[in-house]
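Subject: Structure for you to look at

Hello,

Here is the structure I said I would pass on. Please open it and keep it beside this email while you read the notes below.

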Amino acid sequence: MGGEKMYCSKCGRQNPDGQRFCQYCGAPLAAPAGREFPDRRTPGKKVKKQSFRMKPVYWILIAEIALAAVGIFFGIRLLGERFSARRVVEVYAQALEERDWGTAYDCLNMEGETGLSREEYIAAQEAAAPVQIEQSTVSEVSDAASDYWREVSRQMGITWEESAQDDSVEMEIRSLVNGDMQSRTVTVIPVGKKWFFFDEWKIVPYNMYGEEVEIRIPKNASLIMNGTELDTSALEHAGENSEDSGYDSYILPHVFYGGYQIQILQEGMETWSRLVEYSGGSSDFDFSDVYLMPTQETVDTLLGQYGEISQAYFTAAMSGESFQTLEAYFTREALEEGSIENEFDEVRENTYSSSEGNGCLAVEISAMEGRAVSPEEYYDARPGDVVLDITGTVTTTNVYGSSGPRETSEETRWQACFRREDNAWKLLAM
């Protein structure tokens, strides 16, 4: 029995019975009415519905994303603690214990116009007397305690920073300082952002430096503070610095509390040194009572100069010259005071007079030796002067009537005071 013919509805050609697709054009063939194409699946097996199964790689990806999210969450929390106000104070307290002054400075809010550098802070702390700090703990100050410290600051004249009024945090540091338990309160303020997520906190450095600090040094001297020479040309003068005072006074805008190895230098003088512990005292940097001592080279030079001046002094008097020929050897103060000129006139009056037949014919000074003494011991001296205690032999030739010239020698002692004026040493008194 022949099968039913199958014609393609697309190309119209005849296909063998049972074909599902046209063997000429590939179009699907419609089954005759009442027939279905045979099920080619294995007989007797039930057909299961297909279900979606996720590949293992996707599960791994989801797990990694979840772990990353957890890591980011805890990372943000940990970094937030690292940049917290408490953590900054803890780092600062630990730095003080370890004398790590660079780290301590980095915890301070030194932005602004104080001009206090990291190097200055480190130098001031290293030069200070060592303090043993240990067992430091940090805690947040209560509101009541915060108000107390604000009031203390107000009474002490400390300006509370405007930025510290709203979002500041007060922290207390308790430490054993040289064996005694001490506490101090620091104010911490946000100064910016870290990676746009976290506040960056810094400690307000009030009560850590002085402002408008007056400093006095001998005239014509240089000041070295912890190895750095002070540029006095850039500083404001404190009041009027008269020539008579013997010192210059300047204003330092800011100075860290701490230690300062002070050196005062002046040409021809020995270097004067002292360690100053500065903690806000108004007279800590007052060196107006410093009397510099000359070097041996200066002593020798001025001793020779004094011999030349003395010889010129007596020679001029013996020859009847005017005192004006000697004025270049003396300070303006000595010339204005007039006693040296009066003494010169007396010597000139005692010279030999041929009409009277007596008087001094000559004066010669020899075998001079001298040593420096502190200007503090000389009533008219001031800081920067050089006072010499001099001994020598004075030989005079005198004529008394008809007895003829007679030579006498005697040991003599002088105190000569030299002062630097117009870039030269001149005599204040002889």
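Buried residues make up 37% of the 430 residues in the protein; buried means under 20% relative accessible area, exposed means over 50%, and partly exposed lies in between, with a 1.4 Å probe and protein chains only. This is a predicted model, in which local features need pLDDT of at least 70 and side-chain atom pairs count only at pLDDT 80 or more, while totals for chains, interfaces and linings use all residues. Residues are numbered from 1 along each chain as its sequence is written, and side-chain values use heavy atoms, with hydrogens and water left out.

The accessible surface of the protein comes to about 26,700 Å², computed by the Shrake-Rupley method with a 1.4 Å probe; for residues, only the protein chains shown count as cover. Carbon and sulfur atoms hold 48% of that surface. Among contacts with a separation of 6 or more, 57% are between residues 24 or more positions apart; contact means heavy atoms within 4.5 Å.

The secondary structure comes to 8 helices and 17 strands. Helices (H or I, at least four residues) and strands (E, at least two) are DSSP runs, numbered from the N terminus.

Two strands pair if DSSP finds at least two bridges between them. β14 pairs with β15 (residues 386-400) over 13 bridges in the antiparallel sense, and C360 has N398 in β15 as its bridge partner.

Strands β12 (residues 258-265) and β13 (residues 272-278) run antiparallel and are joined by 7 bridges. G258 stands opposite Y278 in β13, and I264 has W272 as its bridge partner. β12 and β13 form a hairpin with 6 residues between them, and G268 in the turn has a positive phi of about 80°.

A buried strand

How many residues of strand β4 (residues 169-177) are buried? The count is 7 of 9, so β4 is largely enclosed by the rest of the structure. β4 is joined to strand β3 (residues 133-140) by 6 bridges, and the two run antiparallel. I133 has V177 in β4 as its bridge partner.

Nonpolar cores

In soluble globular proteins, nonpolar side chains tend to be buried together. A nonpolar core is a set of buried Ala, Val, Leu, Ile, Met, Phe, Trp, Tyr and Cys residues joined through side-chain atoms within 4.5 Å. The largest one here has 78 residues, of which I203, I215, I262, F285 and F287 touch the most other members. Helix α6 gives the most to this core, with 8 residues. Leaving aside neighbours within four places in sequence, the contacts of I203 include V88, Y92, L108, V186 and M208.

A second, separate core has 7 residues, including V373, A381, L428 and A429. A429 is found in strand β17 and counts as buried at 18% relative accessibility. Not counting residues up to four places away in sequence, A429 touches I340, Y378, Q415, A416 and C417.

Cysteines

The structure holds 0 disulfides, a disulfide being a pair of cysteine sulfur atoms within 2.5 Å. C11 is partly exposed, at 34% relative accessible area, whereas C8 is buried, at 4%.

Regards
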